[in-house]
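Work through the exercises below with the sequence and the 3D view side by side, and try each task before reading its solution.

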Amino acid sequence: MKLATLKNGRRDGVLVVVNRTLTHCQKVPSIASTLQDALDHWDTAEGKLREIYNAMNRGELQAAQTFNPAQCHSPLPRAYQWADGSAYINHVELVRRARGAELPPSFWTEPLMYQGGSDSFLGPRDPITVSSEEWGVDLEAEVAVITDDVPMGTTPEQAKNHIRLIMLVNDVSLRNLIPTELAKGFGFFQSKPSSAFSPVAITPDELGRDWRDGKVHRPLTVSINSTLFGHPDAGQDMTFSFPQLIAHAAKTRNLEAGSILGSGTVSNKQGDLYGSSIINGGVGYCCLAEVRMYETIEKGKPQTGFLKFGDSVKIEMFDNNGQSLFGAIEQQVQPNAE
């Protein structure tokens with residue numbers, strides 16, 4: 001099943017069911033007005049939403065409107081919880097190796113995670129607005145899941161049953177603001193502005209065999225200024241699965257329905273290399289920081305710049321038939337109008 005939220009002048013938008021090929025959608029006010037409403041009553045709403053979804057795919061709902069991703073909010077325009085992990089240790093190891101630091105052994109047994117701002121997300125076609133290019137604007141292409149109510153102390157095995165939806169995310173980072181913030185020992189805030197999520201969130205069964213072991217085993221395609229930048233496999237080299245991330249987040253608290261957990265930047269390790277660009281025959285990257293780290297390791301200093309005003313990014317995932325699974329995140333970096 002595929003769900004989206006259309007902008008309607010209200011903060012939480014209006015829930016729509018989207019057909020499998022992302023061409024049409026249907027409002028469902030008698031079932032749930034918003035995605036959060038559906039998640040709050042998932043046991044009763046899911047079956048009814050699936051009936052609409054199946055009817056749309058059979059071509060039985062002639063009243064369904066054309067689906068336009070440009071009219072979408074993120075599936076959850078705001079959420080009770082947004083926690084982003086760092087499940088790909090290759091990415092973490094690159095960061096530390098570039099500055100000559102060893103990777104602590106605990107990084108292999110306990111995931112890194114930060115709590116992001118969730119009061120306002122960007123729509124999948126909304127611009128990335130910043131006041132200065134000097135802040136080091138970077139994309140971070142990731143996969144994320146939405147949960148139902150998760151009790152405190154939930155185990156990874158139990159957490160598998162709490163994943164309701166999957167989506168993509170651009171977890172925007174302002175790289176040049178990060179060092180000063182982390183040096184204070186209190187984590188990210190200004191360096192992590194609003195994230196953007198894919199137009200559509202899907203139930204795990206939509207992925208078929210590509211959803212297994214609590215991971216999405218599909219390439220994540222990233223382009224910058226219409227040039228392919230990366231297509232690493234999201235299931236490969238993912239040290240911590242989504243059930244493990246959920247269990248980590250729920251160790252000391254309950255997670256409310258509508259909580260979002262991100263995978264962290266998707267990153268594949270290739271042989272003895274710590275990264276390989278598309279131009280050299282590799283799978284590329286999901287963030288600019290990673291190629292800069294690779295350049296630092298190999299050449300002594302980074303040579304690739306961060307995003308500038310006017311630059312565009314695109315993040316998308318396709319099935320085996322070339323059909324977009326979630327729709328595309330397409331954003332342009334723009335100056336903040338002050």
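**Exercise 1: an aspartate in a loop**

Asp-148 is found in the loop between β9 (141-147) and α4 (156-159), where helices (H or I, at least four residues) and strands (E, at least two) are DSSP runs, numbered from the N terminus. The model is a predicted one, in which local features need pLDDT of at least 70 and side-chain atom pairs count only at pLDDT 80 or more, while totals for chains, interfaces and linings use all residues. Residues are numbered from 1 along each chain as its sequence is written, and side-chain values use heavy atoms, with hydrogens and water left out.

Task: Determine whether Asp-148 is buried or exposed, and find the side chain with which its own side chain makes a polar contact.

Solution. Step one is the accessible area: buried means under 20% relative accessible area, exposed over 50%, and partly exposed in between (1.4 Å probe, protein chains only). Asp-148 has a relative accessible area of 13%, and is therefore buried. Step two is the polar contact, a pair of N or O atoms within 3.5 Å; within protein, one must be able to donate a hydrogen and the other to accept it, and residues adjacent in sequence count only if both atoms are side-chain atoms. The partner is the side chain of His-162, at 2.7 Å. Step three takes contact as heavy atoms within 4.5 Å: leaving aside neighbours within four places in sequence, Asp-148 touches residues including Arg-164, Leu-255 and Glu-256.

**Exercise 2: cysteines**

Task: Find how many disulfides the whole structure holds.

Solution. A disulfide is a pair of cysteine sulfur atoms within 2.5 Å, and the search of the whole structure finds 0 of them. For Cys-25, the nearest cysteine sulfur is that of Cys-72, 7.4 Å away. Cys-25 counts as buried because its relative accessibility is 0%, and Cys-72 counts as buried because its value is 1%.

**Exercise 3: an open sheet**

Solution. Two strands pair if DSSP finds at least two bridges between them. The open sheet has 5 strands in the order β7-β20-β19-β16-β17, with mixed pairing.
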